[in-house]
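Visitor: I would like to go through this structure step by step. Please show it to me before we start.

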Amino acid sequence: MTPHIEAKIEDIAPNVIMPGDPLRAKYIAETYLTDYKLVNSVRNMYAYTGYYKDKKVTVMGSGMGISSIGIYSYELFKFYNVENIIRVGSCGSYKKELDLYSLILVDKSYSESNYALIQNGCKDNILKPSLQLNNKIKEIAQDNNVKLNEGLIYSSEVFYQEKDNYLDLVSKYDCLGVEMESFALFHNANVLGKKAACILTVSDNFITNAKATVEERQTAFNEMIVLALKAI
């Protein structure tokens, strides 16, 4: 038990699927897991542990932003013996061709955040996921004819920016889009010798102005969810 997770150690599986929205965690458990049970409800950050095709898995929300996923992923890795976390999240696309529901596998996460610097003195502003996990996800995607777009994502600490110079990120890093969590997740995995990956579904497009509804954000990301579960 930690200040933020009430589950017993044995209630959390070594493999975790982590959406941002706790209601998406509930949806994943109800839709895809068998013999699942609610193992955390502190602050309504739901975590469910059950089975996907006989493989024990935990699905837990991370909340929004680097600080929130920084807390939950660290506690899972450090205090609950979690070995692998795959984030399944939404993102805004900076590319016209990456329209709604396109899938992105993050191979680098760029951020101006001081999270890594404050947490353990790491001065890097580009962090990488687990190559082993990413390769597994790509293998599963290929076997199931799922199109993945692989590249760098911007992991922002700020949702509402008064001056959004995202075209600079596209020009400098060939940045595919923006989300708010992968940087802290990758850092915690690197620090603690664990594995992390991040699959994203485009929910907004900065070029076309297309947007998914709130309900779609909770329930319409099934291709990404199944890919993560199969990779686990």
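The questions and answers below go from the whole chain to single residues.

Visitor: How many helices and strands does the chain have?
Guide: This is a predicted model, and what is said here describes that model. The secondary structure of the chain comes to eight helices and ten strands.

Visitor: What radius of gyration does the chain have, and what would a compact globule have?
Guide: The C-alpha trace spans about 45 × 40 × 30 Å along its principal axes. For 232 residues, a compact globule would have a radius of gyration near 17 Å. The chain agrees with that, at 16 Å.

Visitor: What share of the contacts with a separation of 6 or more comes from residues 24 or more positions apart?
Guide: Of the 232 residues, 55% are buried. As for the contacts with a separation of 6 or more, the share from residues 24 or more positions apart is 76%.

Visitor: Which residues have the most contacts inside the largest nonpolar core?
Guide: The largest nonpolar core has 36 residues. Helices α2 (66-79), α3 (115-120) and α6 (182-192) are among the elements that each supply at least two of its residues, and so are strands including β1 (15-19), β5 (84-93) and β10 (195-205). The residues with the most contacts inside this core are Ile12, Met18, Met60, Leu76, Val82, Ile85 and Ile104.

Visitor: Which residues does Val82 touch, not counting those up to four places away in sequence?
Guide: Val82 is one of the residues with the most contacts inside the largest nonpolar core. Not counting residues up to four places away in sequence, Val82 touches Ile12, Ala13, Pro14, Val16, Leu76, Phe77 and Lys194.

Visitor: How many residues does the second, separate core have?
Guide: Ala25, Tyr52, Leu103 and Ile232 are included in this second core. Ala25 is also one of the buried residues of helix α1 (residues 22-32). The number of residues in the second core is 31.

Visitor: Why do the buried residues of α5 line one face of the helix?
Guide: In α5 (residues 166-173), the buried residues are Tyr166, Leu169 and Val170. Seen down the helix axis, these buried residues line one face because they fall within an arc of 100 degrees. Leu167, Asp168, Ser171 and Lys172 are exposed on the other side of α5. What covers the buried residues includes β6 (103-110) and β8 (149-155).

Visitor: Is Asn40 buried or exposed?
Guide: Asn40 lies in strand β2 (residues 34-40), and its side chain reaches the backbone oxygen of Met45 at 2.7 Å. Beyond its neighbours within four places in sequence, Asn40 is in contact with residues including His4, Glu6, Tyr46 and Met60. Its relative accessible area is 0%, and the cut-off for buried is under 20%. Asn40 is therefore buried.

Visitor: Is Asp54 buried or exposed?
Guide: Asp54 lies in the loop between β3 (47-52) and β4 (55-60). Its C-alpha atom is separated by 34 Å from that of Gly92. The relative accessible area of Asp54 is 76%, and exposed means over 50%. Asp54 is therefore exposed.

How values were computed:
Residues numbered from 1 in each chain as written. Predicted model: local features only at pLDDT ≥ 70, side-chain atom pairs only at ≥ 80, totals over all residues. Heavy atoms only, no water. Buried < 20%, exposed > 50% of the residue type's maximum accessible area, 1.4 Å probe, protein only. Helix = DSSP H or I, 4+ residues; strand = E, 2+ residues; numbered from the N terminus. Arc of directions from axis to C-beta. Contact = heavy atoms within 4.5 Å. Core = buried A, V, L, I, M, F, W, Y, C linked by side-chain atoms within 4.5 Å. Polar contact = N/O pair within 3.5 Å; in protein donor to acceptor, adjacent residues only side chain to side chain. Rg over C-alpha atoms; globule rule 2.2 N^0.38 Å.
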